[in-house]
Amino acid sequence: MRRGLTPINLTALTLGFAFLYVPIFLLIIYSFNESKLVTVWAGFSTKWYGEMARDDALIAAALMTLKVALLSSTVATVLGTLAGVLLARFGRFRGRTLFSGMIYAPLVMPEVITGLALLLMFVAMGLARGYFTVMIAHATFAMAYVAVVVQSRLATMDRSVEEAALDLGCPPFKTFLVITLPIIAPAVIAGWLLAFTLSLDDLVIASFTTGPGSTTLPMKIYSQVRLGVTPEINAISTILVGIVTIGVVAASLVNRRAALRRERDERLAFAKT
Amino acid sequence: MASGPTTRRTFEPWDDPKSKPILRVSSVSKSYGSVTAVDQLSLDIHRGEFFALLGPSGCGKTTLLRMLAGFERPDTGRIELDGVDMTAVPPYRRPVNMMFQSYALFPHMSVEGNIAFGLKQEGLPAREIKTRVAEALALVQLPDYGRRKPHQLSGGQRQRVALARSLVKRPKMLLLDEPLAALDRKLREETQFELMTIQEQVGITFVIVTHDQDEAMTMASRIAVMDRGRIAQVAPPTEIYEQPNSRYVADFIGSVNLFEGNYVGGDGAPTMRCAEAGCDLSLAQPLLVAPGHRLWVAIRPEKLEISREPPPPGTLNCLSGVVWDIGYLGDFSTYRVKLDSGKIVSAAEANRMRLTERTISWEDRVYLRWVPQAAVALLS
Amino acid sequence: MTFGAATREATRARWAARASLILKPLQSALDAFPPSRWLMRRLDRRALKGRLLAIAPPYAWLLIFFLAPFAIVLKISFAEPDVAMPPYTEVFALIEDAGSFFLSIKLNFSNYLLLIEDDLYLRAYLNSLKIAAISTALALMVGFPIAYAMARAPRRWRGALVMMMILPFWTSFLIRVYAWIGILKNEGLLNGFLQWLGVIGEPLTILNTDFAVYIGIVYSYLPFMVLPLYAALERMDESLLEAASDLGCRPVKAFWVITVPLAAPGIIAGSFLVFIPVVGEVVIPDLLGGSDTLMIGRLLWAEFFSNHDWPVASAVAMILLLILVIPIVLFQRHQAARQEAAR
């Protein structure tokens, strides 16, 4: 059968991943271009990185984004984990349909609608707009993502492990802390990371819900991009891509090493019987 | 079958009217939507019993066990443990422990951590926890495995850890949900005897859920055969096998030939008129039913005598037919015989000699017979 | 248990062990602190209250910050623009007349009338739907072979391939769209490359056309299509195809009658995940599309940020929501059903 990598499959993978990655590589390469023109190669240079580092407004925006992302992803993780547990473990409760609707809708809701709606809500509540309102907005839509990640992990988790804890005399709330939470921890961490990057990345919702003086990095980049392509933006982009790549690759390497070690343990256990 | 040590033979608290059951289930029902999983079920289990709930999947045995553990709450009825009403008590406050089919070991804790978990919930001093964990590990013969993690154990070892974990709290009753289902056949057979030994050592009442009749027959002091949320029969293994109370039980345990017919009274010589057999079948005892009443005669294949020689005329319960199929099982051979009425009857014969040439072969005309005491008359 | 599954289980256990190391001090602190024991016992005794306590925070948060805002959008879509802050008139007002109070409700339908009268809006809605539909189909066409090849790749590669598919999703959306500007410009890398090859003499105009918008959307939303497809295809038992072949079905036909129907949940989920957000897309048409690339999200953005007309922006959002409510509800049903099936 068509198991493994047939020529067709290999072509699909090569073209597909080339499509995904070539633009990003080009972006990175041209961040080291001497010339102001993004399309003409004029020699290697790191001057745009220096330029970027001297841009105080840019640094301020980056710090603001980081602050919002840290706070919002943490709030989103707490609420989203709870929501995921409700969906996966609480069976039918009153208002479940509405609840699951409110969890899944933000995943697909166009950002302009969410952004506008939240802004009008903040205005109606009389909240001063600034990093705090952006934080709330990001936490709201990111918690849906966390909830989905946590819920799908719980769905594959053997429920009798929790039942065993109850059976051995551990009350439900403690069981959640001592048994469930450690077991789903990787999913919770993944959810936090997802919420964090979603917040770092968001332009539209932040544009609606922010106030004067609270410009985030994507807003800053966007206003510069509309003026035209500059190598400085390539430099910022390269740094952002680099951070994410290093983070993801490091995490998967750690995971892989652990997996290899465990595999050896398993072999030993199987061999002994 | 029930080949336990001699102490078992006299252990029959269910026949002792003075014995107070440790568990009393009274008319418990549980349904999920329109499906009734357990239907008005009542059951008494006595201290020290090894009790098996046996039935096909979906018969409600697991639901019943989960109600005993407290994971499900009965819709109606009452569950009493040692005289205390447990119906509404949550699982973490019941003096009952469960061993799960998947073992449900905590993956992030060591073997010791797993076993100590239940004791820690009781707030016992660390020193006592330590000694009891060590005792439990010794009981399941894994004394040096305390520091391992569950994934560093083989399936059989995980099963032992799960057993130790559920026993260490010294529950009033241990519930076992298909405890051997994940083991391969050979290991399963060894473990059956080990479980029996451990049960006798600790003296805790065991309630086991299983769909495997051999498992139930080997280990249990009594078996409850379940059918669609009800109990079809509760009895010791020998009685379940030799004295089934219904076609369902007779058919579920082992294989059986069933003949349908109508009762013919008669003084001292009760018989059943049976079209399938082609003759009247004589019964061991008279029944308390009117003549003409519908009934069934159940006869196990190994209790049939098969031969090519026609029996002397006047022999009771003698059928004749043609060999349709032969199954050679090593220790036994099974003959499927087609009677003149078209009905297929199985007869099993132990292969006492090394089989070099068959004495009975396909298409042979053979005669089957049994003494009336070997068969059971069933009214349902 | 297969070896791979066992290893995955073990890796999870290892993470769980680490997490419990962190949680352990917290837990023992909780255990040592008598009021917490009392509290936990209380919580568990009042199981129902405990439940309520767990349900309330996320539920309340979503009600306040997700559901309620839509009611406000609805309200403001009936207001009139005003030169004030906030720039709209009140719809509800308490007025006093001869000692008694009346609730006055002033509904202003002119915002909606504007949407009907000015065909700009209608064209924008229709064009958004068209662009979303075409790009969903394109993403499916591009994504299916990739997902299929990923699912059929050797097992030890799959993790890395999934990781590679997710990685761009973790990097900034804006940056990825920006990267295409440099490629698609008249004097950009693509034109330069094609001219160097000699395929074309004059540079092609790609940037600021609908074509560029399609490229940008497919590029940005590809992981959303590929990952659900991959999940469905990976679950599929390969012996099904062998059985089909054994029963005399040709591979091409087996693909259509076995693989595609079994991948249907993935196709549906992926299509929703691409279609719905694309209808309201702002950034891609703004950066890659031309001034004539009419999309409703862009229009809403302009009404809000350029014209400061909050009521019209709200009306546009309300209609957009109405258009999307059916697909959103269908998507939610689909997800909930999958969740049920996973149990």
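**Exercise 1. How many salt bridges are counted between domain 1 of chain B and domain 2 of chain B?**

*Solution.* This is a predicted model, in which local features need pLDDT of at least 70 and side-chain atom pairs count only at pLDDT 80 or more, while totals for chains, interfaces and linings use all residues. Residues are numbered from 1 along each chain as its sequence is written, chains are lettered from A and ligands numbered from 1 in the order in which they are written, and side-chain values use heavy atoms, with hydrogens and water left out.

Begin with the bounds, which come from an automatic or database domain assignment: chain B is divided into domain 1 (18-248) and domain 2 (255-378). The C-alpha centres of these two domains of chain B lie 40 Å apart, and their contact (heavy atoms within 4.5 Å) takes 7 residues from domain 1 of chain B and 7 residues from domain 2 of chain B.

Next apply the rule for a salt bridge, which asks for a side-chain nitrogen of Lys or Arg within 4 Å of a carboxyl oxygen of Asp or Glu. The count between the two domains of chain B is 1 salt bridge. Glu242(B) forms a salt bridge with Lys303(B), their closest N and O atoms being 3.1 Å apart. On the side of domain 1 of chain B that touches domain 2 of chain B, helix α8 (residues 237-242) of chain B gives the most, with 3 residues.

Finally, consider the buried area, meaning the accessible area (1.4 Å probe) that two parts lose on being put together, summed over both. Domain 1 of chain B and domain 2 of chain B bury about 680 Å² between them, 56% of it on carbon and sulfur atoms. In domain 1 of chain B, the residues that lose the most area to domain 2 of chain B are Tyr241(B), Pro244(B) and Arg247(B), together 76% of what that side buries.

**Exercise 2. Describe what domain 2 and domain 3 of chain C share where they touch.**

*Solution.* The domain assignment of chain C gives domain 1 (3-76), domain 2 (80-108) and domain 3 (112-342). Between domain 2 of chain C and domain 3 of chain C, the C-alpha centres lie 43 Å apart, and the contact takes 6 residues from domain 2 of chain C and 4 residues from domain 3 of chain C.

These two domains of chain C bury about 370 Å² between them, 82% of it on carbon and sulfur atoms. On the side of domain 2 of chain C, Pro81(C), Pro87(C) and Tyr88(C) lose the most area to domain 3 of chain C, together 74% of what that side buries. The count between domain 2 of chain C and domain 3 of chain C is 0 salt bridges.

**Exercise 3. Which side chains meet in a salt bridge between chain A and chain B?**

*Solution.* First take the extent of the interface: 24 residues of chain A are in contact with 26 residues of chain B, and the two chains bury about 2200 Å² between them, 60% of it on carbon and sulfur atoms.

The count between chain A and chain B is 1 salt bridge, and the side chains that meet in a salt bridge are those of Arg66(B) and Glu163(A), at 2.6 Å from N to O. The elements that give two or more residues to the side of chain A that touches chain B are α7 (159-167), α8 (172-201) and α11 (231-272) of chain A, where helices (H or I, at least four residues) and strands (E, at least two) are DSSP runs, numbered from the N terminus. Of these, α7(A) gives the most, with 7 residues.

In helix α2 (residues 61-69) of chain B, 8 of the 9 residues are buried, so the helix is largely enclosed by the rest of the structure. Arg66(B) is one of the buried residues of α2(B), and α2(B) is followed by Gly70(B), whose phi is positive, near 100°.

**Exercise 4. Is Thr205(B) buried or exposed?**

*Solution.* Locate the residue in strand β8 (residues 205-210) of chain B. Thr205(B) has 1% relative accessibility and therefore counts as buried. Leaving aside neighbours within four places in sequence, Thr205(B) is in contact with residues including Ile22(B), Arg47(B), Gly48(B) and Leu174(B). A polar atom of the Thr205(B) side chain lies 3.1 Å from the backbone nitrogen of Gly48(B).

Notes. Buried means under 20% relative accessible area, exposed over 50%, partly exposed in between (1.4 Å probe, protein chains only). A polar contact is a pair of N or O atoms within 3.5 Å; within protein, one must be able to donate a hydrogen and the other to accept it, and residues adjacent in sequence count only if both atoms are side-chain atoms.
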